[in-house]
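Student: Please take a close look at one part of this model and describe it in some detail. I would like the local geometry and the side chains treated together.

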Amino acid sequence: MANAMFITNIPPVGWLLIAVVVLVLFGRGKISSLMGEVGKGITSFKKGVKEGTEELEAAEAEAARDITPEDSKDKV
């Protein structure tokens, strides 16, 4: 709980200082490639969630299909 309090108590100038230190340590190219990989990961995650949802909806649609026997369909 103390860690969460620490993160919320950092002023904007502190965040700027942290960003500058990280930029100096890792360099612009490394951070850029890292952010690119994070973006690809997020895109892949969203695609997986969408495909999973579509798969579940297809399974529900298959389960809800009409299972009335053919000879009973005309006897309404």
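Tutor: Helices here are DSSP runs of H or I with at least four residues, numbered from the N terminus. By that numbering, Leu-25 lies in helix 2, which covers residues 12–63. The model is a predicted one, and the secondary structure of its protein chain amounts to two helices and zero strands.

Helix 2 is not straight. A kink of about 95° is centred on Gly-27. The end C-alpha atoms of helix 2 are only 54 Å apart, whereas a straight helix of 52 residues would span 76 Å at 1.5 Å a residue.

Next, the surface around Leu-25. Leu-25 counts as exposed because its relative accessibility is 65%, and the cut-off for exposed is over 50%. Leu-25 also contributes to a nonpolar surface patch of about 700 Å², together with Trp-15, Leu-17, Ile-18, Val-21, Val-22 and Phe-26. For the protein chain as a whole, the accessible surface is about 7,200 Å², and carbon and sulfur atoms account for 67% of that. Buried residues make up 3% of its 76 residues.

Side chains of opposite charge can pair when their charged atoms come close. The side chains of Lys-40 and Glu-37 form a salt bridge, with an N to O distance of 3.8 Å, and the structure holds one salt bridge. Lys-40 and Glu-37 are about one helical turn apart, because three residues separate their positions in helix 2. Lys-40 is exposed, at a relative accessible area of 55%.

Conventions: Residues are numbered from 1 along each chain as its sequence is written. This is a predicted model: local features need pLDDT of at least 70, side-chain atom pairs count only at pLDDT 80 or more; totals for chains, interfaces and linings use all residues. Side-chain values use heavy atoms; hydrogens and water are left out. Patches are made of residues with over 30% relative accessible area and no salt bridge: like charges are joined within 9 Å, nonpolar side chains (Val, Leu, Ile, Met, Phe, Trp, Tyr) within 5 Å. Accessible areas come from the Shrake-Rupley method with a 1.4 Å probe; for residues, only the protein chains shown count as cover. A salt bridge is a side-chain nitrogen of Lys or Arg within 4 Å of a carboxyl oxygen of Asp or Glu. Buried means under 20% relative accessible area, exposed over 50%, partly exposed in between (1.4 Å probe, protein chains only). The expected span of a helix is 1.5 Å times one less than its number of residues. The bend at a residue is the angle between axes fitted to the seven residues ending there and the seven starting there.
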